[in-house]
Every structure is written in structure tokens, then in C-alpha cells.
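Please keep the sequence and the model in view while reading.

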Amino acid sequence: MKQNCSQKFFEEALNLFPGGVNSPVRAFGAVGGTPPFIAKAQGPKIWDVDGNEYIDYVGSWGPAILGHAHPKVVAAVQAAAANGFSFGAPTELESRLALMVREIFPSMEKLRFVSSGTEAAMSAVRLARGTTGRDKIIKFEGGYHGHADFLLVKAGSGGATFGIPSSAGVPKDFAKLTLTAAYNNLDSVKKIFDANKNEIACVIVEPVAGNVGCIPPQTGFLQGLQNLCKANGALLIFDEVMTGFRVALGGAQELYDIKPDITCLGKIIGGGLPVGAYGGRKELMDNMAPLGKIYQAGTLSGNPLAMTAGIETLKILSQKKVYEKLNEISARLTSGIQEMIKTKKIGAKIEGVGSMWTLFFDRLDDFKKFFHAALEKGIYLPPSQFETCFVSLAHTNIEVDNTLDVFESIL
Ligand code: KE4
């Protein structure tokens, strides 16, 4: 695989950005080698600056559920751009998108748009703390909710990838208010509640863990969390930044029929442009400024371009049979991989929910070899064992069969 241009650009980037990237997981730190610099993307494919073509299973880490550069979304954003990019004033577009989100996530009676999943999760926790008057929170080891100080405690994603789950630069006093439990282990949560009576503001959870690789919730886990929160006067926050509009149109709360107190959204909601959101019952959200005393703000929150991309994306996702089709093509891939692991007796297992999945190798080194062998043959996977792969609506049987052929040849 030619990489002259990517190497040249990477050398330049290394002098400009720490690790040559604007987000650590892109640096190939866990797998080594030069990250391909992407020139363009279309549907299920991406091309790097050396002209190498890949079938993409990163999908911008989730947002590209329609496939890249969907013509309807591109046209709508182009038209919106001609009217200006951002006004810092209310627009009707924000209400259009909010009405769609509320229709899809009825638990979000009121919401607020922000520009990233980090902002959504950070604001949701502040809302929980401000509403309950309590300071302590519970998160899960390996849970990743963006890079707000108090959430970078035993975090997944890049935290797990680079072995810095608890980041430097986070004051001990912040971190000590973040208590961590074990995912899928209700006992570990109950123990923390019992040891911190009436002091826990919220539990924040990825309802399907996606930042330690993909790990589904065990039966009863989410319901058990909700029961523990109710019994202890704490709020349940579903961080659906990854699962929202992914595992079902209405996310994990639709799939598992659990209504959290607060929901965080990101990624798909903006169709690839920067949008996050958090929301919940009206009486909860009305505690946010300017109505209430809990402050949160953002220059580019609800900007018209991002709103337009979100509206067009959700319009397409709301069509009939979209998730049936997405889950069907995903199942064709994941069951094909499952079959391969079994017949070839590979030291690996695949976990997934619908179109999000991870192939876990018994040995990290085997993952690294697999990653590069796949990349070499035009399959673009997340460069970390602790991340999740995503299938899009643009992936067809052709891409799935090509992918399975490549995996057959390298596993
Ligand atoms: P952003 O601030 O990156 O938009 O969202 C943070 C976030 C919050 N909650 C969940 C469940 C998330 O998965 C994320 C971000 N996910 C990572 C990938 N696992 C983003 C990729 C990156 O950090 O570059």
C-alpha cells in the first residue's frame, strides 16, 4: 500500500499537533504505522491521499450511518450554507430538529443542542448535580463520555487504548467525586450507593458499552440501574452518543424499553457535522439557564448548517424498514465473521448490537496484525481493540462479501 503522501502529511502534522492528530485515537498509537490521510469519502468507501480505497467501518466513529456524503444531506447543507453559517441567534431549524428528536426520544421532553458528545455528557452531569444538590457521580470502568475532567476517570476509548484511563491534569479533588463501578455488575453499583447514602447525583452509563469495544448490557442490567437510581434519589443518565439512532432509531432506550431521566446524544444527530444534545423531563431541563440556575452555553450550538445536516439525516433514518435493512446487512457480516472464527478456531470472539460490533482477539498482538493486514487489503477498521466498528446503510452485499473474503484470507 503506497503511503508516500500520507507519510509526508503525517510528518508535517507531527510538527503541528501532539501526535500529529486532533484526536488521540486517530494516531495509530496502539497499532503503529502511519495513519492514512483521508482525501474523500463516498457511501461505504473512503480514499486516502495516495489514492488507496477502503471499505470504511469507522464511519467517523459512528456519525456516517447513511454512508459518506449522502446526496440529499450534501444538497441540503450546500443550500443552507448560502444563507450563512452561524448567527448566534435562534433559528427555526433548531426547533425542526428538536421536534424530530423529541418524537424519536419521547423521554426528552425538552433538550438543548451543543456541539459535541463531550459537551452533552458534561452538561447532563451538571444538570443532575444542580438538580439533586449532590456532588458524587457513578460511572463505569471503561465508560467513555468525552473528555470533561470529572469523566476522565477509568475512561475507555483513547483512555483504554493509551493506558491513561485516568488522565493527568485532572485534580484529585475532581476525580474523587467520580466513583466507578463494573459494567454489567449491579452489585458493584449497589455497594457504591450503600456506602454513599444520599450523596450520589447520578449514574451515567453507555447503555451498550462501545468504548471498551462493543459490550451489550446483560439482561436486567439497565432495569436494575434504573431501580437503584430510583431507590436512592439519583438520576439515570443514558449516554447515547454512540447508541442513539444506531442500535434503533430511538437508541438503546427504545431497544431495551428503559426511560432514563436524562439522555445524551451526539455523532449521528449531526450527520457528521458537530452536534450534541442532552435532554429529559421538562421540569428537569427547566433548571438550565436562562430559566434555571444551572449554566451551560455554546457559540455554535444549534448552528444552521449542523441542524440542516441533522434534519436531513433523521428524515432518512425515520423512513420505513431502514433499521431492518441496516441490521440485516450487519448480521450478514457479523455472522460471517462468527462462522470464520469457529471453523478456523481463531482465538477471538465477536460482540455486537445491530450495526455496531467489535472483533475481540485473545491477544492484543493478534489484533494489531489483523488490523494492518486488513488495512493493506482495503478494509478500514478502528485502530484500537477498545473501539467499535460501524456498518452503514451504504454497505451492500458487495462490500460485505469483499470484507469476508479479505478476513478469510488474513485470519
Ligand atoms: P465527542 O466529544 O467526541 O463528540 O463525544 C464524546 C463521546 C461521548 N460518549 C460516547 C459514548 C462516545 O463514544 C463519545 C466519543 N466516542 C469516541 C470514539 N469511541 C470518539 C472518537 C474520538 O475520541 O476521536
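## Overall dimensions

What radius of gyration does the protein have, and does it agree or disagree with that of a compact globule of 411 residues? The protein has a radius of gyration of 21 Å, which agrees with the value near 22 Å that a compact globule of 411 residues would have. This radius is taken over C-alpha atoms, and the globule rule is 2.2 Å times the number of residues to the power 0.38. Along the principal axes, the C-alpha trace spans about 55 × 50 × 45 Å.

The model is predicted: local features need pLDDT of at least 70, side-chain atom pairs count only at pLDDT 80 or more, and totals for chains, interfaces and linings use all residues. Residues are numbered from 1 along each chain as its sequence is written, and side-chain values use heavy atoms, with hydrogens and water left out.

## Composition, burial and surface

The protein has 14 helices and 14 strands. These elements are DSSP runs numbered from the N terminus, with helices (H or I) of at least four residues and strands (E) of at least two. Of the 411 residues, 55% count as buried. Buried means under 20% relative accessible area, exposed means over 50%, and partly exposed lies in between (1.4 Å probe, protein chains only). Among contacts with a separation of 6 or more, 73% are between residues 24 or more positions apart; a contact means heavy atoms within 4.5 Å.

The protein exposes about 17,800 Å², of which carbon and sulfur atoms supply 55%. Accessible areas come from the Shrake-Rupley method with a 1.4 Å probe, and for residues only the protein chains shown count as cover. The mean positions of the 41 positive and 40 negative charges are 3 Å apart. Lys and Arg count as positive and Asp and Glu as negative, while His and the chain ends are not counted. Each charge is placed at NZ of Lys, CZ of Arg, CG of Asp or CD of Glu.

## Two open sheets

Strands of a sheet pair through backbone hydrogen bonds, either parallel or antiparallel. Here, two strands pair if DSSP finds at least two bridges between them. Strand E12 (residues 356-361) pairs with E14 over two bridges in the antiparallel sense, and Trp-357 has Cys-389 in E14 as its bridge partner.

Strand E3 (residues 53-56) is joined to E13 by two bridges in a parallel arrangement, where Asp-56 stands opposite Tyr-380 of E13.

## Strands covered on both faces

In a regular strand the side chains alternate between the two faces of the sheet. Strand E9 (residues 262-265) is covered on both faces: Ile-262 and Cys-264 are buried on one side, and Thr-263 and Leu-265 on the other. Strand E8 (residues 235-239) runs parallel to E9 and is joined to it by three bridges; Ile-237 has Ile-262 in E9 as its bridge partner. Strand E10 (residues 276-280) runs antiparallel to E9, with four bridges between them, and Cys-264 is partnered by Tyr-278 in E10.

Strand E6 (residues 178-181) is likewise covered on both faces, with Thr-178 and Thr-180 buried on one side and Leu-179 and Ala-181 on the other. Four bridges pair E6 with strand E5 (residues 136-140) in the parallel sense. The bridge partner of Phe-140 is Ala-181 in E6.

## Loop residues

The loop between helix H10 (282-285) and helix H11 (304-317) contains Asn-303. Asn-303 counts as buried because its relative accessibility is 12%. Neighbours within four places in sequence aside, Asn-303 is in contact with Phe-85, Ser-86 and Pro-274. Pro-290 is also found in the loop between H10 and H11, and a cis peptide bond joins Ala-289 to Pro-290, with omega about 10°.

Two residues other than glycine have a positive phi: near 50° for Lys-154 and near 65° for Phe-245. Lys-154 lies in the loop between E5 and helix H5 (158-161) and is partly exposed, with a relative accessible area of 37%. Phe-245, in the loop between E8 and helix H9 (251-255), is buried, with a relative accessible area of 0%.
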